[in-house]
Structures are given as C-alpha cells and as structure tokens.
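Welcome! Please take a moment with the sequence and the model below, and then we will walk through some of its helices and sheets together.

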Amino acid sequence: MRKPITIVDVAKAAGVSPATVTHTLNGKRPVGEATKKKVLEAIERLGYVPSWNASRMKRGHSGIIGCLAADITETFVNQIVRGIESGLSGGQYSLFFVSGIEFGNDLERAYNFLKSHKVEGILFCHHIPIWKDFNLDTKNSDIPIVSINMAASDMISVVSDNMKGGYQAAEHLYGCGMRHPAMICGPEDRLSVEDRLKGFSDRIRELNLQMPEEKYYGNYDFDHGMEATQRLMVGHPLTDGIFCANDYIAAGAIAALQKMGYQVPGQVRVVGFDNRDFSEFWNVPITTFELPLQEMGMLGISLLRQVIHTGTYSKAEHVLQSKLIPRRSSIG
C-alpha cells in the first residue's frame, strides 16, 4: 500500500519548510508568489490532498453546496442567494439553503445540520459575525467555508467596501453644499455601521468640518431615524447634511425634518444606504448606495468551487465597491 503523502513530503519536494506549506494552504501568513508557486506545483506533482479534500474524497462527491443565513427574509440575503444561484447555473452543484429561523436562531445547530448532509462547502451569508454565536474552528474544519457580507479571520471573505461608501457619502454631501455634517448610525454591534461611520468621519476631518461628538446608534428602522433626527436638530440646529446608515433611517430622518419645518434638501441634505425598494419612491426620493450583493454571491460561490476543486484554501478578503445613486434628498 502506498504511504500517504504528508506536508513534510510536500515541503521537501518544494524546498521549503513544512510551516511554509501550511501557511500557503491556510493563508495565515503571507507567502511570496514564487514560493507559493513552488508549493502548489509540489502539491500537484505529489498528489497531496489537504484535510478537507481528503474528507471530501472519503465522504464521496455529493454535489451539494450548503448556504447558511440568519434570516432568509432579509433583502440582502435574497440578493446574495440570487448571485449564488447564477454562479451555480448549469454547473455540477446544487444549493442546499438553511435559515437560522428554522432552528430557533440556533446557528450552531443549523451549521451542524448542513455538515451532517455531506455538503462539500458552506457559504455564510450574514450581517453580524456568525462565529460569535458559537465556537467555529475554521482552521480545523474538514469543510471549506466562504463568508459573504462579513469579513472573517481565518476565512475567505467577500464584502462590500462600507468604509469607502461612508467616505463617498461625505464627499457627495459636501459637493451638494453641506458644511455642518452629522451621521445617524445603525446598531452599534454591526461592523458595517462602524466602517461607514469611519469612512464618513475620515472625509469630514479631511474637509476640516466638525461633526457632533454624540454617536446616534439605534435600530435599522424608521422610528430610530425620526427620533435621532429630532434629538440631532434640537442639539445641533445648524446641521445641513445627514448621512444615515441605511434607507429606513434616512426615511425617518426626512419625515422628522419635514415635521420640524426643515426643507429637504433645501436646508438639510440626506443620504441613506442599501438602495431599498422604497427609497426611489419616497416622498423625497432618497440618495443612497447600491450594494453589489448579487456580484458578491457570484464571487463567493466561484471562490468556494475553486477551493473544492484545488484543495487549496488561502485566507483572503475580496472587496467589491458599492454604487452611489444620487436622488432628490441631496441634490434637489
């Protein structure tokens, strides 16, 4: 019987250390392109099979890709899944989708359910770090994972550039005449909120403008937009430009401003985020950003299929850009 090929064998064939082979496979530390090429050529030459690929061969080729989201009713999930389905169209794989709602929001149980059905890889579509809900040992998992819409350590991730979106929102509002900026944030535990706030704040500082010190955190909803805007305008009546973390907040902000007698955008300009369906048809159409959700889904499944086929998993963050959609809430 042929002796199994090990990382040590690959290291000898490539003329590198076993640690370098490990780093090439898991992406934990950067490896030079020339070294990476030598390692991958040695892997192919020797027929070395990394852990999850060995497990895949043992389980057999199921042709099933698992997809896990906290809630299928979330609009961003629907769009990402459309992209995933487009990426699978006419291919050799089928999609097996589960929602955390099915499992009483027990995401660990949902994850283990997917694994029990012999999926060849898993896509996470989530807006908060799913690994905070349970101990997800990605380094030792025998099934490759790609995270979509959430950056993740020790994992391939596909995300939108929320920081650049915030930066562009400040630039756009300034170009529309804003000189007294403010931002109304969403939930404090969302990385996307922090990134949008940082991007916005960075550009505001570059423009030598001042923002209120208070951070207006709250739910991603209309009521928070109304309440926060009322507090903002009472405390900072000169505010003439508001960046909102999403379109629901922006809709509430516009309603509050109108109720208080401000003209939008004549006196106060408003920008939202996410390009929700209603934003174009609001009584003052909302300037917003469209996320590349379907593209994220397509890229995510492409990366996962590549991992399955090659057996090589290199941690990387793939960033796609959102698109500014100017409307009357900021430009009149």
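Two strands pair if DSSP finds at least two bridges between them. Helices (H or I, at least four residues) and strands (E, at least two) are DSSP runs, numbered from the N terminus. This is a predicted model, in which local features need pLDDT of at least 70, side-chain atom pairs count only at pLDDT 80 or more, and totals for chains, interfaces and linings use all residues. Residues are numbered from 1 along each chain as its sequence is written, and side-chain values use heavy atoms, with hydrogens and water left out.

Let us begin with a sheet. Six strands make up an open sheet with parallel pairing, in the order E2-E1-E3-E4-E5-E10. At its edges are strand E2 (94-99) and strand E10 (317-320), each of which pairs on one side only. Neighbouring strands here are turned against each other by 20 degrees on average, direction ignored. Helix H11 (residues 293-310) lies across strand E1 (64-69), strand E3 (121-125), strand E4 (145-148), E5 and E10, and runs at about 170 degrees to E5. Axes are lines fitted to C-alpha atoms, for helices over the stretch in contact, and angles run from 0 to 180 degrees between N-to-C directions.

Next comes a pair of helices. Helix H1 (residues 7-14) packs with helix H3 (residues 33-46) at an angle of about 120 degrees, their axes 9 Å apart. This makes H1 oblique to H3; angles under 35 degrees count as roughly parallel, over 145 as roughly antiparallel, 65 to 115 as roughly perpendicular and the rest as oblique. On the H1 side, Asp 9, Val 10, Ala 13 and Ala 14 meet Lys 38, Val 39, Ala 42, Ile 43, Arg 45 and Leu 46 in H3. These contact residues divide into seven nonpolar, no polar and three charged (Ala, Val, Leu, Ile, Met, Phe, Trp, Tyr, Cys and Pro count as nonpolar, Asp, Glu, Lys and Arg as charged, and the others, Gly among them, as polar).

Have a closer look at Ala 13, which has its place in helix H1. Not counting residues up to four places away in sequence, Ala 13 touches Ala 42, Arg 45 and Leu 46, where contact means heavy atoms within 4.5 Å. Ala 13 counts as partly exposed because its relative accessibility is 35%; buried means under 20% relative accessible area, exposed over 50%, and partly exposed in between (1.4 Å probe, protein chains only).

Now for another sheet. Three strands form an open sheet in the order E6-E7-E8, again with parallel pairing. Strand E6 (181-184) and strand E8 (269-271) stand at the edges with a single partner strand each, so one side of each has no neighbour in the sheet. Three bridges join strand E7 (residues 241-244) to E8, and Ile 242 has Val 270 in E8 as its bridge partner. H7 packs on this sheet, touching E7 and E8, and its direction makes about 160 degrees with that of E8. H8 packs on the sheet too, touching E6 and E7, with its direction at about 175 degrees to that of E6.

Finally, these helices also meet. The axes of helix H7 (residues 162-175) and helix H8 (residues 191-206) come within 6 Å and cross at roughly 40 degrees, which makes H7 oblique to H8.
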